[in-house]
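This report is written for a reader new to the structure.

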Amino acid sequence: MQDKLVTIFGGGGFLGRYVAQELLARGARVRVAERDPSNALHIKPLGGLGQTQFIAADIRRPASVSRAVQDADVVINLIGILKGDFHAVHVEGAANVAKAAADAGVAALVHISAIGADTKGQSAYGRSKGEGEAAVKAAFPAATIIRPSIIFGPEDQFINRFAKMIRMSPLVPVIGANTKFQPVYATDAGKAIALAAVEPGKYGGKTFELGGPQVMTMAEINSWIAKATGRDPGFLSIPGGVAGLIASLTGWLPCAPITTDQWKMLQSDNVVSPGAKGLSAFGIQPTPLSAVAPAWLVQYRKHGRFGSRISA
């Protein structure tokens with residue numbers, strides 16, 4: 001990848017920093033495409049002088065997408081949302097990126113989808129992800145599709161969100177307690193995405209599902225976080241009917257913890273499908289949550305990094 005130019009849509013986000021870091025370490029030049037490029041300036045110190053560049057682009061606007069992929073050798077689309085206009089972002093936006101990449105003659109396109117992507121799925125999120133994959137393949141048949149499970153890392157909005165709840169309350173409600181996840185480490189996901197970009201001949205035209213070494217229910221994840229942060233709250237599993245009612249009130253309660261669509265997503269496990277190609281196809285040994293998360297979860301301990309010493 002020495003001196004190759006890679007355009008990363010959404011490169012300023014949580015996963016983007018890990019993808020960019022892998023590519024920069026391989027000598028690639030990285031162009032981060034964001035609606036507001038100032039949100040991605042933290043990427044600049046990851047590379048050498050002149051190795052990073054930034055451009056304003058909105059995947060819903062084809063002209064801005066075309067400018068962002070001009071002269072690029074590889075294009076990566078990381079953009080996804082959990083609420084809002086799924087079709088505009090996950091379908092139309094993904095199609096705009098794929099079409100622009102094809103028109104520009106780039107060597108590889110890596111599209112980040114999600115486990116559970118299904119054009120006939122129960123949730124609008126899952127359906128839009130499935131439709132987005134179809135749109136990408138139609139415009140760029142050699143694209144690599146990557147479907148991660150929940151991604152964890154120091155800046156995530158999953159493990160950290162629950163850690164904050166556990167720190168703040170002696171009784172923590174758990175929605176979808178029995179839903180299973182297969183959390184994948186951001187560094188592992190970033191490395192897989194970078195490898196897909198580096199070797200389109202090996203990974204192009206294929207779909208991969210990324211999951212970590214452990215399958216855990218929502219309840220087990222919360223319990224693990226509590227133990228890792230030295231907390232001992234009570235957990236209250238919210239019955240399905242009650243959780244569904246809470247989700248239906250999202251429009252009336254701005255502080256509602258979950259949307260109706262997110263509730264529908266929790267009706268299905270978020271784990272790698274049997275027989276699916278995963279991290280092993282990239283030669284990556286998946287990292288357990290317990291191997292890395294305690295390093296940043298220490299901030300949620302009662303006395304920070306000295307919590308265990310005090311309690312002893």
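A residue is called buried when its relative accessible area is under 20%, exposed when the value is over 50%, and partly exposed in between. In a regular strand the side chains alternate between the two faces of the sheet. The model described here is a predicted one.

Strand β1 covers residues 5-9, and 5 of its 5 residues are buried. Cover is found on both faces: L5, T7 and F9 are buried on one side, and V6 and I8 are buried on the other. The path of the chain from β1 leads through helix α1 (residues 14-25) to β2, in a β-α-β crossover that is right-handed.

Which strands pair with β1? One is β2 (residues 29-34), joined to β1 by 5 bridges in a parallel arrangement. Another is β4 (residues 74-77), which also runs parallel to β1 and is joined to it by 4 bridges. Residue I8 has a bridge partner in each of these strands: V32 in β2 and I76 in β4.

## Aromatic pairs

How many aromatic pairs does a search of the whole structure find? The count is 8. One of them is formed by F14 and Y18, whose ring centres are 5.9 Å apart; their planes meet at 85 degrees, so the pair is edge-to-face. An angle over 60 degrees is what places a pair in that class. Both residues belong to helix α1, where they are 4 residues apart and therefore separated by about one helical turn. F14 is partly exposed, because its relative accessible area is 24%. Y18 has a relative accessible area of 10%, so this residue is buried.

The rings of Y203 and F208 also make an edge-to-face pair, because their planes stand at 70 degrees, with the centres 5.7 Å apart. Y203 has a relative accessibility of 3% and so counts as buried. F208 counts as buried too, at 1%. Elsewhere, F158, F162 and F181 form one aromatic cluster.

M216 lies in strand β12, which covers residues 216-217. Is M216 buried or exposed? Its relative accessible area is 8%, so M216 is buried.

Which residues does M216 touch, leaving out those up to four places away in sequence? They are T179, K180, F181, I221, W224 and L289. K180 is 36 residues from M216 along the chain, yet the C-alpha atoms of the two are separated by 5.4 Å.

## The protein as a whole

The protein contains 13 helices and 13 strands. Its radius of gyration is 20 Å, and a compact globule of 312 residues would have a value near 20 Å, so the two agree. Along the principal axes, the C-alpha atoms fill a box of roughly 55 × 45 × 40 Å.

Of the 312 residues, 51% are buried. Taking contacts between residues at least 6 apart in sequence, 76% join residues at least 24 apart.

Technical notes: Residues numbered from 1 in each chain as written. Predicted model: local features only at pLDDT ≥ 70, side-chain atom pairs only at ≥ 80, totals over all residues. Heavy atoms only, no water. Buried < 20%, exposed > 50% of the residue type's maximum accessible area, 1.4 Å probe, protein only. Helix = DSSP H or I, 4+ residues; strand = E, 2+ residues; numbered from the N terminus. Pairing = 2+ DSSP bridges. Right-handed = clockwise from strand over helix to strand, strands pointing away. Phe/Tyr/Trp six-rings, centres within 6.5 Å; stacked < 30°, edge-to-face > 60°. Rg over C-alpha atoms; globule rule 2.2 N^0.38 Å. Contact = heavy atoms within 4.5 Å.
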